[in-house]
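Visitor: Pick one part of this structure and give me a close look at it, please. I'd like the whole story in one go.

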Amino acid sequence: MAQFTYSTASPAEVSVDVLVLPIFEGPEPGPGIRDIKAVDLLGIFAAAKLKGKKGESLLVPNTGDAYAARSVLLVGMGKRAKATADTVRRAIGRVAPQLVKQATVATTVAQAAGKPEDAVQAAVEGVLLGSYRFDRYKSGKKEDAVPEVPALEAFTVLGPSRWDAKKAKAAMARAEVVADAVAWARDLVNTPALDCTPDFLAKEAQKMAREVGLECRIWGMPELEKGGFGGIIGVGSGSANPPRLIELAYTGAGKAQPYALTGKGISFDSGGLSIKDANQMETMKDDMGGAASIMATMKAIARLKPKINVIAAIPSAENMPSGTAIRPGDVLRHRGGKTSEVLNTDAEGRLVLADALAYLAEQRPKTIVDAATLTGSCVVALGPELYGVFSNDRTVARDVLAAGRTVGEPGWELPLWENYRQDIDSAVADIQNVGKRWGGAITAAWFLAEFVDGTPWVHLDIAGPAFTDKAGDLGPKGGTGIPVRALVQYLLTRATAGKRS
Ligand code: BES
Ligand code: ZN
Ligand code: MN
């Protein structure tokens, strides 16, 4: 892995293979362009008929001795007035596959927009996330593949001398930890369900916990039965791969009340007896994206060591149809005793999460956040980029939304509309697992709300953005790792918010 360093050197004087300089729409020069005095970089860019829009880039080889770099890569940033730290992340992300083929890279791009620390963190995340590849299952190597061991040896973020170098360096270290966690979440999502079973997820969590120093407890069938986790057991009962509950704990603040996390860990969602059609089933190995994002968030938190406590309880099961599977009409008894009538076995995520939420609520955490690829309805509402945000508490909702916006992983709030709660009243049990077709993301959230026992709680429906069917600025087709960045940011800001008050 490359060395990431911070420097206040002049762009003209860094001797690297590639110097990445930003250009705003116009074209207008971004930071560093004017430091290369002997060459009219902006003129060369304009002569190539480029405007500085997002996605544009031009490599200019150095033919003289006007500056020390072997070449300059000019990258379009879009409108100057609209640029944020996330513009920086994505601009570097788009050219990252090119950059990691070089040994040494430097860039002024962090000076283009956003707060210094956010932008420095974004630049490093951009190169790491943008060059992410998942080729573990490929037997050959493709011509244009990012080299498995990237050539990149040193990546230097250039800042002005007025910036706090210590803070900039800390932001870079944070970026490496966050990007590593995101890549791990992506790997887990991309791993086929044949290999990525509930037990595999549990073992991965255990291995990670040992590596970074987290407490970890795995609940198997006997413990789940004893503990009354009827939702997890019910959903898992159709599969040859038994379910698990993965518990992780981080202690950074002694006996303080913890923040709690959970995530949907359906290793494969066939729909069960309410079976999905072939098209809808194609991507259902990603139905553990919530679980993966919570495991990865815990990994990042363990390495960043904020002064807070965080607990996670992650339910994992495989939803399969078989002679031992649950049937429509069956009633399950959840942790804590509430019962649910399963009218549709394809609404399984809420059944496993109910147990985990009830279990976490027993521990009286400050807040609970869950991430779940829960409903197609949410994808219809918000599309492939935004996750839905549901909450019973204005403050937590605001904090989580703000965290997501800051790190370029935004969600959008949807209502827990009171009148739809009655749609999941059951004739035989306390509650039923499906409502009407319309407003399906809302009734799913209402089902979860039933189990949090008044704890301030936020539910993130990540069914849209957990997985992407096309390559983007920050990675290829497949698992995205959303919302790891948002959750890490949320927890880190809890620690600093605590310090202030
Ligand atoms: N895992 C799916 C939701 C999903 C859909 C995730 C599309 C990613 C992309 C979930 O378990 C599911 O099947 N939900 C059903 C609920 C319905 C039966 C009430 C849905 O959304 O259709
Ligand atoms: Zn599902
Ligand atoms: Mn389902």
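Guide: A residue counts as buried under 20% relative accessible area, exposed over 50% and partly exposed in between, with a 1.4 Å probe and protein chains only. This is a predicted model, so local features need pLDDT of at least 70 and side-chain atom pairs pLDDT 80 or more, while totals for chains, interfaces and linings use all residues. Residues are numbered from 1 along each chain as written, chains are lettered from A and ligands numbered from 1 in written order, and side-chain values use heavy atoms, without hydrogens or water.

Let's go to the zinc ion (ligand 2). Lys264 (NZ), Asp269 (OD), Asp287 (OD) and Glu348 (OE) coordinate it at 2.0 to 2.4 Å; donors here are N, O and S atoms within 2.8 Å of the metal (3.2 Å for Na, K and Ca), and with water absent, sites may look incomplete. Along the chain, the donors are spaced K-x4-D-x17-D-x60-E. The six donor atoms subtend angles of 79 to 173°, so the arrangement is octahedral (six donors, opposite ones over 155 degrees apart, all others between 65 and 115).

Two of these residues are buried: Lys264 has a relative accessible area of 2%, and Asp269 has 3%. Asp269 also bridges the zinc ion and the manganese ion (ligand 3), which lie 3.1 Å apart.

Then there's ligand 1. One of its oxygen atoms is 2.9 Å from an N or O atom in the Asp269 side chain. Polar side-chain atoms of Lys276 and Asp346 also lie by ligand 1 oxygen atoms, at 2.7 Å and 2.8 Å, respectively.

Methods: Tetrahedral: all angles 85-135°; square planar, octahedral: opposite > 155°, others 65-115°. Polar contact = N/O pair within 3.5 Å; in protein donor to acceptor, adjacent residues only side chain to side chain.
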